[in-house]
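Dear colleague,

I am passing a structure on to you, and I would be glad if you opened it beside this message. My notes on what was found follow after it.

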2 protein chains.
Amino acid sequence: MAYQYWSYETLRRFCMEAFQKFGFTEAEANIIQDVLLTSDLFGIESHGMQRMVRYHKCIEKGMIKIDAQPEVVFDTPISAVIDAHDAMGQLVSYRAMELAIEKAKKSGVGIVSVRNSNHYGIAGYYAKMACKEGLMGFSCTNSEAIMVPTFGRMAMLGSNPIACAFPAEPYDFLFDASTTVVTRGKLEMYNKMEKPLPEGWALDKDGHPSSDAPDVLANIVAKNGGGIMPLGGSTEQLGSHKGYGYGMLCEIFASILSMGATSNHCMVGGKGNICHGFMAINPAYFGNPEDIKAHFSTFLQELRDAPKADGQEKIYTHGEKEIAAIVDRHANGIPVNDNTMVEVLDLCEYLGMDFGSYFGDYRPPVKKEVFKGNY
Amino acid sequence: MAYQYWSYETLRRFCMEAFQKFGFTEAEANIIQDVLLTSDLFGIESHGMQRMVRYHKCIEKGMIKIDAQPEVVFDTPISAVIDAHDAMGQLVSYRAMELAIEKAKKSGVGIVSVRNSNHYGIAGYYAKMACKEGLMGFSCTNSEAIMVPTFGRMAMLGSNPIACAFPAEPYDFLFDASTTVVTRGKLEMYNKMEKPLPEGWALDKDGHPSSDAPDVLANIVAKNGGGIMPLGGSTEQLGSHKGYGYGMLCEIFASILSMGATSNHCMVGGKGNICHGFMAINPAYFGNPEDIKAHFSTFLQELRDAPKADGQEKIYTHGEKEIAAIVDRHANGIPVNDNTMVEVLDLCEYLGMDFGSYFGDYRPPVKKEVFKGNY
């Protein structure tokens, strides 16, 4: 399986047209493409272009409603609950984080919980929005059940990522990670690459370890059992109950406070039902924000300067790899694998777009028969 | 190594007298013993009686100041920063969580960050305080550096536990876990039991895996290198960067917002310098608290009812094991190992207390020479 490298501008132009063809306004398309391509720029291939097929299929099936009008159903100076009414996840999430930021600026903190939404892309995007305003940002989402709780054999929680961003120099701290050992997107990538999964990632339908990506993905969709292990594996010795616990923390902010669907009730009956949680905290409510930022920056530098393990040259702080990836992607292009390009070609046919006007003479070599998930 | 079983009442009476002999008031001793023995009642041996020696030595050395007067140095309706002035960690933390609870009741959320403190016991104790008031509780602390960041060989973060509690029926959700794969307390227990450490827990001073508890503990104290792996191990494949990231989240709430010492500067130069973070969130700022509690309770029951893995009979929700442990400890006594009883005997000699008036004719069989940490 080969990769094609496309310029950011090419992919941006493609996404802008595609989302407007679906019926979104230019401003909406701009938010959606920015979430999507920020992921590719960050080097998180799993949540970038390779997810176009998911949005394509969810819009086609009516799970994502183009004209949905998200509604603030509960509102206080420090909190809000939004019913997304099946909106595109990125759009309601962008608005929810803006609201959290506004509250944090006025009241010190803003917590917004969202129900009845759809996949929102990378959690870190929204955490970073707060960071750009000098605030601590926090974002989490549930998703279709894929995490098997400790001692279970059925997936009951989503990959339930938690992201946290905090202003720092020379670059912001940005931690964004699923509470499963890996994301579903990683399994989808291994599936597309037709490679066996590493040990310690996934369980088959009976709860035994599995390296078979298509089988694990198919079982998740059919709700046959199996799924991805929590961070910490499937036994308590290495902390399985901890990954499972962080997954629960995510549900509390996303599905519990909003009275929305928990992950085991997401993506059921043609509804996404996905829930998100957002929080912004204003450092000015704890002291001088510049002093706090400098204090944190010093610690981050101490971490980067700490002695390295044998054979390692670098200790990263969270957000550092993303900065390097952005520079690389702008210089060398964004890698998109051929199986994803098959989906892009399909999408062009569906929307009546001219594939060649973006990607020239390139055509995906063979339409691979790989498991496509529940798009 | 054998265990002795003592009634809760015996240990409570012992701790009350011991802490009052140190110079704490009856009310203060009551808070300290409650944090300590709640850990033993929860079945978390590592943070109960076996930690008496640490408090003993830290008070003796003047690191913990009996007469410290913690000071609120920054205060808003939703936040506060407290300088503990080297107070006993449990006392300033109890007060800080009370303050967070008060703010959450009045303003929806309360976030309190504490600097210049000492070890505060189990994180979950404080999270649970909020829960008892119908609020979501969150608590975290840093500690002497023991976690080696991904690709490093020096410990730079503490075990940095994060606890979260949320009201539910038939029992509250209570998640409390270090962001390392295991706690330092677990290493101390293996040290006392003279057992090799399981694989995937610790690194030697050069950053290689180690099963030698006394060596790892000694290296941590001497700051020679090595320590405990983050949750997720020491490579990215199983998510090392995630445990490291949660550890950073803990630093943000504890040491960064308070402008206190980060873990790599804790327990240095005769000062504890430990920092804590507390948060209480009022569910009434998101909807009807009873509906939210019922909604969460339903999800917890669905988790417990979910199909079990081959060979497993039970899926636990967080806090459930603690409930069972409390019942067991009240019925069968609290287990305390002989090496800890050696320390209790030492403490009685130091404080001029009559060991026999608590523990009858029992005497610890042999004074074991095990590594005692940096008490």
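At what angle do H2(A) and H4(A) pack, and how far apart are their axes? Please keep in mind while looking that this is a predicted model. The two helices pack at an angle of about 95°, and their axes are 9 Å apart, which makes H2(A) roughly perpendicular to H4(A). On the side of H2(A) the contact is made by A:Glu28, A:Ile31, A:Ile32 and A:Val35, while H4(A) brings A:Gln90, A:Leu91 and A:Tyr94 to it. Sorted by class, the residues of this contact are five nonpolar, one polar and one charged.

H4(A), which runs over residues 89-107, also meets helix H5 (residues 123-132) of chain A, and there the axes come within 10 Å and cross at roughly 30°. That angle makes H4(A) roughly parallel to H5(A), and the crossing in which H4(A) passes H5(A) is right-handed. The residues that make the contact are A:Ser93, A:Met97, A:Ala100 and A:Ile101 of H4(A), together with A:Tyr126, A:Met129 and A:Ala130 of H5(A). Six of the residues in this contact are nonpolar and one is polar, and no charged residue takes part.

Turning to the domains, the domain assignment of chain A gives domain 1 as 4-60 + 333-359 and domain 2 as 67-181 + 229-285. Taken over C-alpha atoms, the centres of the two domains of chain A are separated by 24 Å, and eleven residues of domain 1 are in contact with ten residues of domain 2. On the side of domain 1 of chain A that touches domain 2, the elements that give two or more residues are helix H2 (26-41) and helix H3 (52-60). Of these, H2(A) gives the most, with seven residues. The residues on that side of domain 1 divide into six nonpolar, three polar and two charged.

The next point concerns the two chains. Chain A can be laid on chain B with an RMSD of 0.0 Å by a turn of 180° and a shift of 0.0 Å along the axis, and the two copies are thus related as by a two-fold rotation axis. Among the residues of chain A, A:Gly232 comes closest to the rotation axis, with its C-alpha at 2.7 Å. The same surface serves both copies, since 100% of the contact residues of chain A recur in chain B.

The contact between the chains takes 66 residues from chain A and 67 residues from chain B. Several elements of chain A each supply at least two residues of the side that touches chain B, among them strand S2 (71-76), strand S4 (109-117) and helix H9 (289-305). H8(A) gives the most to this side, with eight residues, and by class the side has 38 nonpolar, 19 polar and nine charged residues.

Finally, a few backbone details may deserve a look. Most residues other than glycine have a negative phi, and most peptide bonds are trans. The peptide bond from A:Glu169 to A:Pro170, however, is cis, with omega near 0°, and A:Pro170 is found in the loop between S6 and S7 of chain A. In chain B, a cis peptide bond likewise joins B:Glu169 and B:Pro170. A:Asp86, although not a glycine, has a positive phi of about 65°, and this residue is found in the loop between S3 and H4 of chain A.

With kind regards

How values were computed:
Residues numbered from 1 in each chain as written. Chains lettered and ligands numbered in written order. Predicted model: local features only at pLDDT ≥ 70, side-chain atom pairs only at ≥ 80, totals over all residues. Domains from an automatic or database assignment. Contact = placed C-beta atoms within 7 Å. Helix = DSSP H or I, 4+ residues; strand = E, 2+ residues; numbered from the N terminus. Nonpolar A, V, L, I, M, F, W, Y, C, P; charged D, E, K, R; others polar. Least-squares fit on C-alpha atoms with pLDDT ≥ 70 in both. Axes fitted to C-alpha atoms, helices over the stretch in contact; angles between N-to-C directions. Parallel < 35°, antiparallel > 145°, perpendicular 65-115°, else oblique. Left-handed = near helix turned anticlockwise from the far one by under 90°.
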